[in-house]
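Trainee: I have not looked at this one before. Could we go through its charged side chains step by step?

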Amino acid sequence: MWKVAAADDEAYLRTALKKLMNWEKMGCELIRVVNNGKELLQCVEEEHPDIVITDIRMPEVDGTELVRRIREQGYEMPVII
């Protein structure tokens, strides 16, 4: 099962990711949904998800900066923006 971590600063989108997607049917487990890029970067370092989903515009660390930092740290998982 693929581990998925996601970030979005909009509460309704975080709720949608959690409740409207059938993650198990897609062979995935949504391990964490956070509200900014800084928290998602921490999740990547701690949980090592297989797939990352991120918004572009977020507080703390935006999506493009998040991708840059993930790549600098040597992680090669797919990132969906």
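Trainee: Is R32 buried, partly exposed or exposed?

Mentor: This is a predicted model, and the values are computed from it. Buried would need a relative accessible area under 20%, and exposed one over 50%. R32 has 25% relative accessibility, so R32 counts as partly exposed.

Trainee: With which residue does R32 form a salt bridge?

Mentor: The closest N and O atoms of the pair are 3.0 Å apart, and the cut-off is 4 Å. The salt bridge of R32 is with E47.

Trainee: How many residues apart in sequence are the parts that R32 and E47 tie together?

Mentor: R32 belongs to strand β2, residues 28-34. E47 belongs to helix α2, residues 37-47. The pair therefore ties together parts whose separation in sequence is 15 residues.

Trainee: Which helix holds both E65 and R68, and how far apart are their closest N and O atoms?

Mentor: E65 and R68 are three residues apart, about one helical turn, in helix α3, residues 63-72. E65 is partly exposed at 23%, and R68 is partly exposed at 38%. They form a salt bridge in which the closest N and O atoms are separated by 2.3 Å.

Definitions and conventions. Residues are numbered from 1 along each chain as its sequence is written. This is a predicted model: local features need pLDDT of at least 70, side-chain atom pairs count only at pLDDT 80 or more; totals for chains, interfaces and linings use all residues. Side-chain values use heavy atoms; hydrogens and water are left out. A salt bridge is a side-chain nitrogen of Lys or Arg within 4 Å of a carboxyl oxygen of Asp or Glu. Helices (H or I, at least four residues) and strands (E, at least two) are DSSP runs, numbered from the N terminus. Buried means under 20% relative accessible area, exposed over 50%, partly exposed in between (1.4 Å probe, protein chains only).
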